Amino acid sequence: MIKVLIADDQDLIRGSLRIVLRGEEDIDVVGLAANGREAVELCRQHEPHVVLMDIHMPEMDGIEATRQIKSLYPNTHVVMLTTFHDMDYVREALAAGAAGYLLKAMQPEDLAVSIRLVHRGETLIPQEIAKIMVAEWTGGTASSKPGDGRRKKDGYGLTERELDVLRLLVSGKDNREIARELFLTEGTVKNYISTIYSKLEVPDRIHAVLKAQDENLLAF
């Protein structure tokens, strides 16, 4: 069973998420928290596999709660519950250890699938959020310009093909979509992605995307 904790200060959202998950045979909602402090305490009691964490909560917000949970329970995966208006918090939450994001406007049938993916160690950046992030990075707004000239001169030795794969990663494409667009097999795409992680010295997709932004790698 995948043990799930839901943390949100709105009773309606907590209850609705619990109802959506109630029919899933492999998922057990072990606790409901109304703020970040409760979330940390309930993690101590129940040791959930996955925490669905709202960002804006009283007493302790979701970002600080995520930071504490990942420090105390590194094997617990935290997924932020967000809206399009919370984009400014994306980087901060990922730096705190979040495994990704779910939009509160998601389709109910996507919730259980997302929880299973995170439990397997995958990262979650909904395509809608990825598109916004890419638009901000390339749109020239002062608050979102990447890199500040900190690009590494050799681009970490990424080949043109690896850069093609990286561009599609930051646009939110999954492995199957990347394979289809570049006329590759999924196995080949996985090999490229592993090489990209190794060259960038990052553990996963989210950190590869962030490094591409921070160091302006896609300008190569």
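Trainee: Which side chain of opposite charge is nearest to lysine 211, and is lysine 211 buried or exposed?

Mentor: Lysine 211 is buried (under 20% relative accessible area; exposed is over 50%, partly exposed in between; 1.4 Å probe, protein chains only). A salt bridge needs a side-chain nitrogen of Lys or Arg within 4 Å of a carboxyl oxygen of Asp or Glu. Lys and Arg count as positive, Asp and Glu as negative; His and the chain ends are not counted. This is a predicted model, where local features need pLDDT of at least 70 and side-chain atom pairs pLDDT 80 or more, while totals for chains, interfaces and linings use all residues. Residues are numbered from 1 along each chain, and side-chain values use heavy atoms, without hydrogens or water.

Trainee: Where is lysine 211 found, and which residues does lysine 211 touch?

Mentor: Lysine 211 is in helix α10; helices (H or I, at least four residues) and strands (E, at least two) are DSSP runs, numbered from the N terminus. Beyond four places in sequence, lysine 211 touches Tyr156, Leu200, Val202, Asn216 and Leu217, where contact means heavy atoms within 4.5 Å.

Trainee: How many residues has the largest nonpolar core?

Mentor: In soluble globular proteins, nonpolar side chains tend to be buried together. A core here is a set of buried Ala, Val, Leu, Ile, Met, Phe, Trp, Tyr and Cys residues joined through side-chain atoms within 4.5 Å. The largest has 25 residues, with Ala39, Met53, Ile69, Met80 and Tyr101 making the most contacts inside it. Elements that each supply at least two of its residues include β1 (2-7), α3 (62-72) and α10 (205-214). Another core, of 21 residues, lies apart from it, with Val165 and Ala212 among its members.

Trainee: What is the strand order of the open sheet?

Mentor: Strands pair if DSSP finds at least two bridges between them. The five strands run β2-β1-β3-β4-β5, with parallel pairing. β2 (27-33) and β5 (100-103) are at the edges with a single partner strand each, so one side of each has no neighbour in the sheet.

Trainee: Which residues of β5 are buried on its two faces?

Mentor: In a regular strand the side chains alternate between the two faces of the sheet. In β5, Gly100 and Leu102 are buried on one side, and Tyr101 and Leu103 on the other. Four bridges join β5 to β4; leucine 102 is the bridge partner of leucine 81.
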